[in-house]
Amino acid sequence: GIIHDKDWNDKGIYGIFVDNELFYIGMTMESFGRRFSAHRRHVYEVINGTYKADSQYSMYERLAKEVKDGKDVELRPLVCLSKLYIQEESKNCRPELIRRDVECMELAFISYFKPVLNTQGRTRPYPLHRI
């Protein structure tokens with residue numbers, strides 16, 4: 001089945017693990033809980049034959065196969081934005097992180113770990129948003 005971690009209300013960078021092997025790195029600017037629920041729903045839609053294909057279909061198809069094979073699929077926060085130690089507002093610093101900051105973190109994780117289910121940043125260019 002699919003296991004969830006704590007830190008549901010935070011946002012940031014997360015990993016999807018299959019039997020403790022990192023399969024996917026993602027980011028969310030909404031809560032981990034909301035993002036994890038969407039991933040879970042799509043996996044079970046594939047299992048039930050009700051999923052409408054999109055660009056990430058192969059990801060959900062692969063995760064559904066792992067669940068059907070009895071493996072543990074776990075969604076874990078890796079970087080919680082609220083827990084980052086950021087300097088207060090000053091002449092040179094702003095304390096809040098914007099979407100592009102988080103995308104850069106995600107791209108760095110993908111570049112380093114090269115998870116099998118990530119294509120953007122691994123086998124094709126990562127689409128960084130404009131500032």
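Me: What should I know before reading the values?
Reply: The model is predicted: local features need pLDDT of at least 70, side-chain atom pairs count only at pLDDT 80 or more, and totals for chains, interfaces and linings use all residues. Residues are numbered from 1 along each chain as its sequence is written, and side-chain values use heavy atoms, with hydrogens and water left out.

Me: How do I read a nonpolar core, and which residues touch the most other members of the largest one?
Reply: In soluble globular proteins, nonpolar side chains tend to be buried together. A nonpolar core is a set of buried Ala, Val, Leu, Ile, Met, Phe, Trp, Tyr and Cys residues joined through side-chain atoms within 4.5 Å. Buried means under 20% relative accessible area, exposed over 50%, and partly exposed in between (1.4 Å probe, protein chains only). Here the largest core has 19 residues, and Ile16, Met59 and Leu63 touch the most other members.

Me: Which elements each supply at least two residues of this core?
Reply: Helices (H or I, at least four residues) and strands (E, at least two) are DSSP runs, numbered from the N terminus. The suppliers are strands S2 (12-18), S3 (21-28) and S4 (73-80), with helices H1 (32-48) and H2 (57-68). H2 gives the most, with five residues. A second, separate core has 10 residues, among them Phe17, Val79, Ile110 and Tyr126.

Me: What is methionine 59 in contact with?
Reply: Contact means heavy atoms within 4.5 Å. Leaving aside neighbours within four places in sequence, methionine 59 meets Ile16, Tyr24, His39 and Leu117.

Me: Is histidine 39 buried or exposed?
Reply: Histidine 39 is buried, at 1% relative accessibility. Its place is in helix H1. Not counting residues up to four places away in sequence, histidine 39 touches Tyr14, Ile16, Tyr24, Met59, Tyr60 and Leu75.

Me: Where is histidine 42, and what does it contact?
Reply: Histidine 42 also sits in helix H1. Its relative accessible area is 19%, so it counts as buried.

Me: How many aromatic pairs does the structure hold?
Reply: A pair of aromatic rings is described by the distance of the centres and the angle of the planes. Rings of Phe, Tyr and Trp (its six-membered ring) pair if their centres lie within 6.5 Å; planes under 30 degrees apart count as stacked, over 60 as edge-to-face and the rest as tilted. The structure holds seven such pairs. Phenylalanine 109 and phenylalanine 113 have ring centres 6.0 Å apart and planes at 35 degrees, so this pair is tilted. The two are four residues apart in helix H3 (residues 99-113), so about one helical turn separates them. Both are partly exposed: phenylalanine 109 at 23%, phenylalanine 113 at 45%. Tyrosine 112 and phenylalanine 113 form an edge-to-face pair, 4.9 Å centre to centre with 85 degrees between the planes. Tyrosine 112 is exposed, at 65% relative accessible area.

Me: Which residues do ring pairs link into a cluster?
Reply: Trp8, Tyr14, Tyr24, Phe32 and Phe36.

Me: What lies over the face of phenylalanine 17?
Reply: A charge sits over a ring if NZ of Lys or CZ of Arg is within 6 Å of the ring centre and within 35 degrees of the ring normal. Here arginine 76 lies over the face, at 3.8 Å from the ring centre.

Me: Which residues of H3 are buried, and why are they on the same side?
Reply: The buried residues are Val102, Glu103, Glu106 and Ile110. They cover an arc of only 100 degrees around the axis, so they lie on the same side of H3. The arc is that of the directions from the helix axis to the C-beta atoms. These buried residues pack against S2 and S3.

Me: Where is aspartate 19, and what is its phi?
Reply: Aspartate 19 is found in the loop between S2 and S3. Its phi is near 45 degrees, a positive value in a residue other than glycine. Aspartate 19 counts as partly exposed, at 44% relative accessibility.
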